[in-house]
Amino acid sequence: MKVTRAHPKAKLVLRITTDDSKAVCHLSVKFGATLRTSRLLLEWAKELNVNVVGVSFHVGSGCTDPETFVQALSDARCVFDMGTEVGFSMCLFDIGGGFPGSEDTKLKFEEITSVINPEGQVLPARLWRVIAEPGRYYVASAFTLAVNIIAKKIVWKEQMGSDDEDESSEQTFMYYVNDGVYGSFNCILYDHAHVKPLLPKRPKPDEKYYSSSIWRPTSDGLDRIVERCNLPEMHVGDWMLFENMGTYTVAAASTFNGSQRPSNYYVIEANVTAHEADPEPWLPTRSGGAGCWHTAHLLCPGEQDGPSQSSLCFC
């Protein structure tokens, strides 16, 4: 009713529900019409003289089963044919997102594309327009987050049943860094992400590793980034890197408890000259002119914003 009053010439797309049980983030619990409801909506739209031109769906963000797309495409084609029967000139398919965006996922992008429209059986593209929403695919691996250790705490955990005084306790470390789940790591809460710290410098072969956890020093005990990992002993001022931080990170970051959003730096291979890269004028360089930052500059405490801010590096 609102569309007919406010925008009578609008071209609408009907979103259908899908089985998103194999996805990391479920969307069909909130969005989409069933096949039965879709026919009723199409008939009602025809009575209201509303122009429906296509069908859309989303299998859920972070889909883990390519067969989910097969069923969703079949349902979409069914609704597409319903629209044609009702009298609409259907011409658009939106197959949504859910595509993986990094190499560390179990399901690969190629596995999904192999089941989408094999040999044009479902979607004859020459007749219809097919679009998608590959946000995660494009940006997930494009960003690496650099955080700085601003405090650390040694924890001695007593081990029962040991008579050796040297073995009666286990040394573990709690590291506090300048970002957390209220900032760039909100992906842990909202996107079910499991992040893993990387070190800029490779540890020595004989260096001892300790059980460690990583936190943001806010007033909330929930603000834990990594519950447990093995790291060599690190110190205040050291840096940690987190890869694949381009999806659902800074987009939902807040300034809770005085947290600062990370600074953005654009990085290019050191052996690529400014002429070859053809950078845009807004890309920062150490000298302040056009160009790109090299990773080494990003990891040096005290430069630009210093260790009080984390840095989001676009590669």
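Predicted model: local features only at pLDDT ≥ 70, side-chain atom pairs only at ≥ 80, totals over all residues.
Modeller: Local features need pLDDT of at least 70 and side-chain atom pairs count only at pLDDT 80 or more, while totals for chains, interfaces and linings use all residues. Residues are numbered from 1 along each chain as its sequence is written, and side-chain values use heavy atoms, leaving out hydrogens and water.

Colleague: Why is the largest pocket said to lie between domain 1 and domain 2?

Modeller: Domain 1 (1–138) and domain 2 (145–258) both give residues to its lining, so the largest pocket lies between them. The domain bounds come from an automatic or database domain assignment.

Colleague: What makes a residue part of the lining, and which lie nearest the centre of the largest pocket?

Modeller: A lining residue has an atom within 4 Å of a point of the pocket, which is an open set on a 1 Å grid over the protein atoms alone where a 1.4 Å probe fits, with protein on both sides within 12 Å along at least five of seven lines. The largest pocket has 27 such residues, and S102, D104, T105, A193 and H194 lie nearest its centre.

Colleague: What makes a set of residues a nonpolar core?

Modeller: The set consists of buried (under 20% relative accessible area, 1.4 Å probe, protein chains only) Ala, Val, Leu, Ile, Met, Phe, Trp, Tyr and Cys residues joined through side-chain atoms within 4.5 Å. The largest such core has 28 residues, and L42 and F88 are among those with the most contacts inside it. A second, separate core of 21 residues includes V181, C187, I214 and M245.

Colleague: Which residues is L42 in contact with, leaving aside its neighbours within four places in sequence?

Modeller: With contact taken as heavy atoms within 4.5 Å, L42 meets L14, V52, V79, M82, G83, V86 and F88.

Definitions and conventions: Buried < 20%, exposed > 50% of the residue type's maximum accessible area, 1.4 Å probe, protein only.
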